[in-house]
Amino acid sequence: MNIGIHNTLGLMLRKMRKQRKLSQDQLATISGLHINTIYLLEKGLNEPKLSTFFFIAKAFDLTPMELMKMLTKEYYNE
């Protein structure tokens, strides 16, 4: 069942954050994004701007391309 790209991103982001034992507040600090942005992304309620995608990738020591590949894989495997 396909749950949508926003929800897929949210689930993936939450999983990555928890694997690194980060709170939403800590991820917000590391990424330079507002905590509300992290919350909305994880809930699948916000469509990230391109710059947001770059900030998230950097926070997880990934390139934006690596993050996009992960998202694409998750999205199509659901």
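1. Buried here means under 20% relative accessible area. S31 has 6%, so S31 is buried. Please read every point below with one caveat: this is a predicted model.

2. Start with the surroundings of S31. The residue belongs to helix α2, which spans residues 24-31. Its side chain reaches the backbone nitrogen of L33, at 3.2 Å. Leaving out residues up to four places away in sequence, S31 touches I38, F55 and A59.

3. After α3 comes G44, with a positive phi near 75°.

4. The nonpolar core deserves a look. Nonpolar side chains tend to be buried together in soluble globular proteins. Here the largest nonpolar core has 17 residues. Those with the most contacts inside it are L9, M12, L13, L27, I56, F60 and L67. Helices α1, α2, α3, α4 and α5 (64-77) each supply at least two residues of this core.

5. Residues up to four places away in sequence aside, M12 touches L67, M70, L71 and E74. M70 sits in helix α5. Is M70 buried, partly exposed or exposed? Its relative accessible area is 31%, so M70 is partly exposed. With the neighbours up to four places away in sequence again set aside, M70 touches M12, M16 and L62. As a distance check, the C-alpha atoms of M70 and S51 are separated by 17 Å, and the two residues are 19 apart along the chain.

6. Next, R17. This arginine is placed in helix α1. Its relative accessibility is 9%, so R17 counts as buried. The side chain of R17 reaches the backbone oxygen of L22 at 2.8 Å. Beyond residues up to four places away in sequence, R17 touches L22, S23, Q24, L27, E42 and F60. Two of these, L27 and F60, are listed with the residues having the most contacts inside the core.

7. How many salt bridges does the structure hold? There are 3. Side chains of opposite charge can pair when their charged atoms come close. R14 forms one with E42, and the closest N and O atoms are 3.6 Å apart. R14 lies in helix α1 and E42 in helix α3, so this pair ties together parts 28 residues apart in sequence. R14 counts as partly exposed, at 22% relative accessibility. E42 counts as buried, at 3%.

8. R17 also forms a salt bridge with E42; here the closest N and O atoms are 2.5 Å apart. This pair links distant parts of the chain, with R17 in helix α1 and E42 in helix α3, 25 residues apart. Both R17 and E42 are buried.

9. The remaining bridge to discuss is between D61 and R20, with the closest N and O atoms 3.9 Å apart. D61 lies in the loop between α4 and α5, and R20 in the loop between α1 and α2, so the pair ties together parts that are 41 residues apart in sequence. D61 is exposed, with a relative accessible area of 65%. R20 counts as partly exposed, at 41% relative accessibility. Salt bridges that share partners join R14, R17 and E42 into one network.

10. Last, the aromatic rings. The count comes to 1 aromatic pair. Y75 and Y76 form this pair, which is edge-to-face. Their ring centres are 5.0 Å apart, with 80° between the planes. Y76 counts as exposed, at 63% relative accessibility.

How values were computed: Residues numbered from 1 in each chain as written. Predicted model: local features only at pLDDT ≥ 70, side-chain atom pairs only at ≥ 80, totals over all residues. Heavy atoms only, no water. Helix = DSSP H or I, 4+ residues; strand = E, 2+ residues; numbered from the N terminus. Buried < 20%, exposed > 50% of the residue type's maximum accessible area, 1.4 Å probe, protein only. Polar contact = N/O pair within 3.5 Å; in protein donor to acceptor, adjacent residues only side chain to side chain. Contact = heavy atoms within 4.5 Å. Core = buried A, V, L, I, M, F, W, Y, C linked by side-chain atoms within 4.5 Å. Phe/Tyr/Trp six-rings, centres within 6.5 Å; stacked < 30°, edge-to-face > 60°. Salt bridge = Lys/Arg side-chain N within 4 Å of Asp/Glu carboxyl O.
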